[in-house]
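The sequence and the structure are shown first, and the description follows.

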Amino acid sequence: VGYAFINFISEAELARFKSVYVGLKLSEDSPKVCEICDAKVQGKAKNVEFYRNSTVMGMEEQYHPVMLENGVRLPFPKPTRAVGPVQRRPPRAGGQLKH
């Protein structure tokens with residue numbers, strides 16, 4: 001499972017993105033397809049404020065949010081308060097890999 005929050009610059013760019021990616025199967029090895037929906041938190045500034053203090057910031061850096069501008073990675077702001085521990089979810093039923 002993967003997630004991306006994309007801040008589109010116009011409705012036209014959003015429509016163009018949706019026309020390409022909605023329903024797209026990203027891997028032949030997975031039954032999953034791309035879905036697009038509105039985020040719970042709207043806007044770049046609000047998303048940065050939300051995620052900079054989320055438990056994801058207590059995880060390994062490879063799991064931290066990434067911000068890009070014109071294809072260039074920008075530093076993600078550090079938390080402004082202590083970040084709580086990451087709570088691991090139990091595996092979903094039927095989510096086991098077949099060997």
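Where is the place of asparagine 70? Asparagine 70 sits in the loop between β1 (67–69) and β2 (72–74). It should be noted at the outset that the model is a predicted one.

**Asparagine 70**

Most residues other than glycine have a negative phi. Asparagine 70 is not a glycine, yet its phi is positive, at about 55°. With a relative accessible area of 77%, asparagine 70 is classed as exposed, because a value over 50% meets the cut-off for that class.

**Salt bridges**

Side chains of opposite charge can pair when their charged atoms come close. In this model the count of salt bridges comes to 3. They are listed in the table below with the separation between nitrogen and oxygen.

| Salt bridge | N to O separation |
|---|---|
| Glutamate 13 and arginine 16 | 3.0 Å |
| Glutamate 69 and lysine 44 | 4.0 Å |
| Arginine 52 and glutamate 49 | 3.0 Å |

Glutamate 13 and arginine 16 are 3 residues apart in helix α1, so about one helical turn separates them. Glutamate 13 is partly exposed, at 29% relative accessibility, whereas arginine 16 is exposed, at 55%.

Arginine 52 and glutamate 49 both belong to helix α2, where they are 3 residues apart, about one turn of the helix. Is arginine 52 buried or exposed? Its relative accessibility is 15%, and arginine 52 therefore counts as buried, since the cut-off for that class is under 20%.

The salt bridge between glutamate 69 and lysine 44 has its closest N and O atoms 4.0 Å apart. Glutamate 69 belongs to strand β1 and lysine 44 to helix α2, so this pair ties together parts that are 25 residues apart in sequence. Glutamate 69 is partly exposed, with a relative accessible area of 43%, and lysine 44 is also partly exposed, at 39% relative accessibility.

**Aromatic contacts**

The count of aromatic pairs comes to 4. One of the pairs is formed by phenylalanine 5 and tyrosine 51, whose rings are 5.5 Å apart from centre to centre, with 40° between the planes; this geometry is tilted. The pair links distant parts of the chain, with phenylalanine 5 in the segment before α1 and tyrosine 51 in helix α2, 46 residues apart.

Phenylalanine 5 is partly exposed, with a relative accessibility of 49%. Tyrosine 51 is likewise partly exposed, with a relative accessible area of 23%. Together with Phe50, the residues Phe5 and Tyr51 form one aromatic cluster.

**A nonpolar patch on the surface**

Which residues form a nonpolar patch on the surface? The patch consists of Val20, Tyr21, Leu24 and Leu26, which together have about 360 Å² of accessible area. Leucine 24 is placed in the loop between α1 (11–21) and α2 (44–52). With 33% relative accessibility, leucine 24 counts as partly exposed.

**Summary**

Two of the features described connect separate parts of the chain.

Technical notes. Residues are numbered from 1 along each chain as its sequence is written. This is a predicted model: local features need pLDDT of at least 70, side-chain atom pairs count only at pLDDT 80 or more; totals for chains, interfaces and linings use all residues. Side-chain values use heavy atoms; hydrogens and water are left out. Patches are made of residues with over 30% relative accessible area and no salt bridge: like charges are joined within 9 Å, nonpolar side chains (Val, Leu, Ile, Met, Phe, Trp, Tyr) within 5 Å. Accessible areas come from the Shrake-Rupley method with a 1.4 Å probe; for residues, only the protein chains shown count as cover. A salt bridge is a side-chain nitrogen of Lys or Arg within 4 Å of a carboxyl oxygen of Asp or Glu. Helices (H or I, at least four residues) and strands (E, at least two) are DSSP runs, numbered from the N terminus. Buried means under 20% relative accessible area, exposed over 50%, partly exposed in between (1.4 Å probe, protein chains only). Rings of Phe, Tyr and Trp (its six-membered ring) pair if their centres lie within 6.5 Å; planes under 30 degrees apart count as stacked, over 60 as edge-to-face and the rest as tilted.
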